[in-house]
Amino acid sequence: QLQLVESGGGLVHPGGSLRLSCVASGLTLEQHDIAWFRQAPGKEREGVASVSSGGGSTNYADSVKGRFTISRDNAKNTVYLQMNSLKPEDTAIYYCNVGQVYTSGSSWWLLRESDYWGQGTQVTVSS
């Protein structure tokens, strides 16, 4: 049974950094693409970044390009999101999920393996 546990969130000042982690269990992570999502209060969940199963291909939302970096360690069944130069608009609950990434031009989306979502980790950027 798929389980995703996100961690690493917290309160940070604008311009600061955080590193999020997501540990997956119940599946062989190396066989799946992975993505980070976020949901701010009153807004829909949006894709932030994705990485292919082998780690060789990544995609980012325009709003985080150049500031966020997604990476994975298949041996640890873990995906990371390094977030630098954080802005107040990055405030949200961050989630990871697994599946297959599709792209069209500059757009990308994740076809998830299931409807399951973990509990997420709260990121708050505020002075």
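Contact, on this tour, means heavy atoms within 4.5 Å. The structure on your screen is a predicted model, where local features need pLDDT of at least 70, side-chain atom pairs count only at pLDDT 80 or more, and totals for chains, interfaces and linings use all residues. Residues are numbered from 1 along each chain as its sequence is written, and side-chain values use heavy atoms, with hydrogens and water left out.

**Stop 1: E113 and H32**

Start by selecting E113. Its place is the loop between β10 and β11 (121–125); strands such as these are DSSP runs of E with at least two residues, helices are runs of H or I with at least four residues, and both are numbered from the N terminus. Leaving out residues up to four places away in sequence, E113 touches H32, V98 and G99. Turn to G99 for a moment: this residue is 14 residues from E113 along the chain, while the two C-alpha atoms are separated by 4.8 Å.

Is E113 buried, partly exposed or exposed? E113 counts as partly exposed, because its relative accessibility is 46%. The scale behind these words is simple: buried means under 20% relative accessible area, exposed means over 50%, and partly exposed is in between, using a 1.4 Å probe and protein chains only.

Which kind of contact joins the side chains of H32 and E113? It is a polar contact of 3.4 Å. That term covers a pair of N or O atoms within 3.5 Å; within protein, one must be able to donate a hydrogen and the other to accept it, and residues adjacent in sequence count only if both atoms are side-chain atoms. Beyond its neighbours within four places in sequence, H32 is also in contact with other residues, including L27, S52, S53 and R72.

**Stop 2: N77**

Next, select N77, found in the loop between β7 (68–73) and β8 (78–83). N77 counts as buried because its relative accessibility is 19%. Show what surrounds it: setting aside residues up to four places away in sequence, N77 touches C22, V23, A24, S25, L27 and L29.

**Stop 3: the salt bridges**

Side chains of opposite charge can pair when their charged atoms come close. How many salt bridges does the structure hold? There are 5, each being a side-chain nitrogen of Lys or Arg within 4 Å of a carboxyl oxygen of Asp or Glu.

Select R67 and D90, whose side chains meet in a salt bridge of 2.7 Å, N to O. This pair links distant parts of the chain, 23 residues apart: R67 is in the loop between β6 (58–60) and β7, and D90 is in the loop between β8 and β9 (92–104). R67 is buried at 11% relative accessibility, and D90 is buried at 1%.

Then select R38 and E46, another salt bridge with 2.7 Å from N to O. Here R38 is buried at 6%, whereas E46 is partly exposed at 34%. Keep both pairs on screen, as R38, E46, R67 and D90 are linked in a network of salt bridges.

For one more, pick D115 and R112, which meet at 3.9 Å, N to O. D115 is exposed, with a relative accessible area of 71%, and R112 is partly exposed at 31%.

**Stop 4: the aromatic rings**

A pair of aromatic rings is described by the distance of the centres and the angle of the planes. Rings of Phe, Tyr and Trp (its six-membered ring) pair if their centres lie within 6.5 Å; planes under 30 degrees apart count as stacked, over 60 as edge-to-face and the rest as tilted. A search of the whole structure finds 3 aromatic pairs.

Select F37 and W117: their pair is edge-to-face, with 5.2 Å from centre to centre and 90° between the planes. F37 lies in strand β4 and W117 in the loop between β10 and β11, so the pair ties together parts that are 80 residues apart in sequence. F37 is buried at 10%, and W117 is partly exposed at 22%.

Finish with Y102 and W109. Their ring centres are 6.2 Å apart and their planes are at 20°, so the pair is stacked. Y102 is partly exposed at 33%. W109, in strand β10 (residues 107–112), is partly exposed at 43%.
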